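Please read the points below against the sequence and the coordinates. They cover the ligand site, the helix beside it, some backbone angles and the charged pairs.

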Amino acid sequence: MRTDETAAVRAADLTKIYGRGEVSVRALDAVNISFAAGRFSAIMGPSGSGKSTLMHLLAGLDSATSGQAFLGDTDLTALSDAALTKVRRDRIGFVFQSFNLLPMFTAAQNIALPSQLAGRTVDPDWLDLLTASFGLDERLHHKPHELSGGQQQRVAIARALSTRPEVIFADEPTGNLDSRSGTEVLAFLRRSVRELNQTVVMVTHDPTAAAYADEVVLLADGRIAGSITDPTADSVIAGLESLRPTVAAR
Ligand code: ADP
Ligand code: MG
């Protein structure tokens, strides 16, 4: 990827082997990749290619077998569990396929939760900007079950952005949404990068979703198999197609 921009997130010879001996699986094989700050990046690849593993290691949710995962200048693989928990809480935002909102709390309370857990209050101006940008003004006092799937995921994105994290990791954020709500959520992720200068790294298997990104990284068999700048759904589909002979030949 580009070297003239600051890397928000970086993998250096990052390797993950699950299990031991005959049943071991090399899910990531010495991956080197940078994700630029202030950009929207997508990770794509066939099922089992290592997308979730890569994201989990870069987000400090799982440990590497070898190599390093950097958030800014911080090597996550060198941190204790306690330090990692703090990094995840203070410096990373998460958006999941299943929204993961707390059902007993209102939208506003869900959005404020990460800051509260960090012992901080949300900057009210930032909160206003987020809720206005994401069209949540009228929904702030609703509980998740009173919101549509698309609205719930918008709340989840506002929650992820509430602490102004260095990076947002989104794992299949449109996986549980109809196509209209999915489009809307992708547009909000796009805006959070373009207008709010956030950094987003998204795992998806949907070429249309990947086309919202500035850059797509292709994974195959736990290795980087290519990247596409300014992707379109067609160029992403073509990129995925090009992986097939490689995969079949292995
Ligand atoms: P993707 O997200 O691209 O579908 P994953 O990162 O989930 O791929 O998985 C990569 C490889 O690692 C697959 O072969 C998968 O079966 C294996 N794998 C993932 N998680 C585990 C685990 N906890 N234990 C054993 N194998 C795993
Ligand atoms: Mg996965």
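The numbered points below begin with conventions and then go through the structure by region.

1. Basis. This is a predicted model, in which local features need pLDDT of at least 70, side-chain atom pairs count only at pLDDT 80 or more, and totals for chains, interfaces and linings use all residues. Residues are numbered from 1 along each chain as its sequence is written, chains are lettered from A and ligands numbered from 1 in the order in which they are written, and side-chain values use heavy atoms, with hydrogens and water left out.

2. Ligand shell. Tyr18, Val25, Ala27, Pro46, Ser47, Gly48, Ser49, Gly50, Lys51, Ser52 and Thr53 surround ligand 1; a residue is near the ligand if one of its heavy atoms lies within 4 Å of it. By class, the shell has four nonpolar, six polar and one charged residues. In this scheme Ala, Val, Leu, Ile, Met, Phe, Trp, Tyr, Cys and Pro are nonpolar, Asp, Glu, Lys and Arg are charged, and the others, Gly among them, are polar.

3. Elements at the ligand. β2 (25–36) and α1 (51–58) each supply at least two residues of the shell around ligand 1. The largest share, three residues, comes from α1. Helices (H or I, at least four residues) and strands (E, at least two) are DSSP runs, numbered from the N terminus.

4. Polar contacts of the ligand. A backbone N or O atom of Gly48 lies 2.7 Å from an oxygen atom of ligand 1, and a backbone N or O atom of Ser49 lies 3.2 Å from a ligand oxygen atom. Lys51 places a polar side-chain atom 2.9 Å from an oxygen atom of ligand 1. The protein covers 57% of the 560 Å² of accessible area that ligand 1 has on its own. Accessible areas come from the Shrake-Rupley method with a 1.4 Å probe; for residues, only the protein chains shown count as cover. A polar contact is a pair of N or O atoms within 3.5 Å; within protein, one must be able to donate a hydrogen and the other to accept it, and residues adjacent in sequence count only if both atoms are side-chain atoms.

5. Helix α1. Why is α1 largely enclosed by the rest of the structure? Six of its eight residues are buried, namely Lys51, Thr53, Leu54, Met55, Leu57 and Leu58. Buried means under 20% relative accessible area, exposed over 50%, and partly exposed in between (1.4 Å probe, protein chains only). Gly60, with a positive phi near 70°, follows α1.

6. Ala30 has a positive phi of about 50° although it is not a glycine. Ala30 is found in strand β2 and is partly exposed, with a relative accessible area of 37%. Glu172 also is not a glycine and has a positive phi of about 50°. Glu172 lies in the loop between β7 (167–171) and α6 (179–194) and, at 12% relative accessibility, counts as buried.

7. Arg159 lies in helix α5 (residues 149–161). The Arg159 side chain reaches the backbone oxygen of Phe99 at 3.0 Å.

8. Salt bridges. The count comes to twelve salt bridges, each a side-chain nitrogen of Lys or Arg within 4 Å of a carboxyl oxygen of Asp or Glu. In one of them, Arg223 pairs with Asp29, the closest N and O atoms being 2.8 Å apart. This pair links distant parts of the chain, with Arg223 in strand β10 (residues 223–229) and Asp29 in strand β2, 194 residues apart. Arg223 counts as partly exposed at 37% relative accessibility, whereas Asp29 is buried at 18%.

9. Other charged pairs. Asp90 forms a salt bridge with Arg89, with 3.1 Å between the closest N and O atoms. Lys86, Arg89, Asp90 and Arg120 are linked in a network of salt bridges. Arg191 forms a salt bridge with Glu195, the closest N and O atoms being 3.4 Å apart.
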